[in-house]
Amino acid sequence: SQSKFNKILEVVYPKLKTGFHGTIMSNLAKMQLEELMENANDEHMEHWEALLAKSDIVDTPVNPYLEKELLYNTPCSIDGSKLKALGFECSCPNVTPELVLEAIAYWREQKLFPAY
C-alpha cells in the first residue's frame, strides 16, 4: 500500500516526511492537477539536478519527474493471479527498506543515482 511504502521511504530517508490528505484536499488537488504537478516537478527537479551535479552524474534514466497522466484514474497495482497460475513466484514478494537500499546501491554503482 502507499502507506507502507511511505513508511519504508521514511526509514531509507530519515529526513523525509510523508503523509496523506483527506478526501476534500484530494478532490481539490484533482481540480488543479496540472498546476500542482508543475510546481512539484519544478521543485523536485531543481533539487535532483543539484544532487546529480554534486555526484558528477551527467545523464541518468532515473528522475523524480512525474507525468500528470500517471495520476489520472489509473490503478497503481497489478493483479498477479495469471502469473501465479503459470507457476511464477516473485523473488521479492514484499518491499522492505533493505530491498530499496539494495536497489539504490545498484543504481549508484552504475553511476546513475546520486549520493545523498
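1. Leu 101 counts as partly exposed, because its relative accessibility is 40%, a value between the 20% limit for buried and the 50% limit for exposed. The residue sits in helix α5. Together with Leu 51 and Tyr 116, Leu 101 forms a nonpolar surface patch, and the accessible area of the three comes to about 280 Å². The model is a predicted one, and the points below should be read with that in mind.

2. Overall, the protein contains five helices and zero strands, and its elements run α-α-α-α-α from the N terminus on. Of its 116 residues, 16% are buried. The accessible surface amounts to about 9,800 Å², and carbon and sulfur atoms account for 58% of that surface. Among contacts with a separation of 6 or more, 62% are between residues 24 or more positions apart.

3. Helix α5 covers residues 97-109. Its 13 residues should span 18 Å at 1.5 Å a residue, and this agrees with the 18 Å between its end C-alpha atoms. Pro 97, Val 100 and Ile 104 are the buried residues of α5. Viewed down the helix axis, these buried residues fall within an arc of 65°, so they line one face of α5. The other side of α5 carries Glu 98, Glu 102 and Glu 109, which are exposed.

4. An α-helix has 3.6 residues a turn, so residues three or four places apart point the same way.

5. What do the buried residues of α5 pack against? They pack against α1, and the buried residues of α1 in turn pack against α5. In α1, which comprises residues 2-12, the buried positions are Asn 6, Ile 8, Leu 9 and Val 12. Around the axis they cover an arc of only 160°, which puts them on the same side of α1. Lys 7 and Val 11 are exposed on the face of α1 turned away from its buried side.

6. Thr 96 belongs to the loop between α4 (81-85) and α5. With a relative accessibility of 25%, Thr 96 counts as partly exposed.

7. Helix α3 takes in residues 33-54, 22 residues in total, and reaches 31 Å from its first C-alpha to its last. That figure is close to the 32 Å expected at 1.5 Å a residue. The buried residues of α3 are Leu 33, Met 37, Asn 41, Met 45, Trp 48 and Leu 52. Down the axis of α3, its buried residues fall within an arc of 75°, so they line one face of the helix. The face turned away from the buried side of α3 holds the exposed residues Asp 42, Glu 46, Ala 53 and Lys 54.

8. Asn 41 deserves a separate entry. Leaving aside residues up to four places away in sequence, Asn 41 touches Pro 64, Tyr 65 and Leu 66.

9. Which residue takes a positive phi just after α3? It is Asp 56, with phi of about 55°, a positive value in a residue other than glycine. Asp 56 lies in the loop between α3 and α4. At 70% relative accessibility, Asp 56 counts as exposed.

10. A positive phi also occurs just after α5, where Lys 111 has a value of about 60°. Lys 111, too, is a residue other than glycine, and it is found in the segment after α5. With a relative accessible area of 60%, Lys 111 is exposed. For both residues, the backbone may be worth a look in the displayed model.

Methods
Residues numbered from 1 in each chain as written. Predicted model: local features only at pLDDT ≥ 70, side-chain atom pairs only at ≥ 80, totals over all residues. Heavy atoms only, no water. Helix = DSSP H or I, 4+ residues; strand = E, 2+ residues; numbered from the N terminus. Expected span 1.5 Å × (residues − 1). Buried < 20%, exposed > 50% of the residue type's maximum accessible area, 1.4 Å probe, protein only. Arc of directions from axis to C-beta. Contact = heavy atoms within 4.5 Å. Patch = residues over 30% accessible without salt bridge, like charges linked within 9 Å, V, L, I, M, F, W, Y side chains within 5 Å. Areas by Shrake-Rupley, 256 points an atom, 1.4 Å probe, with all protein chains shown as cover. Salt bridge = Lys/Arg side-chain N within 4 Å of Asp/Glu carboxyl O.
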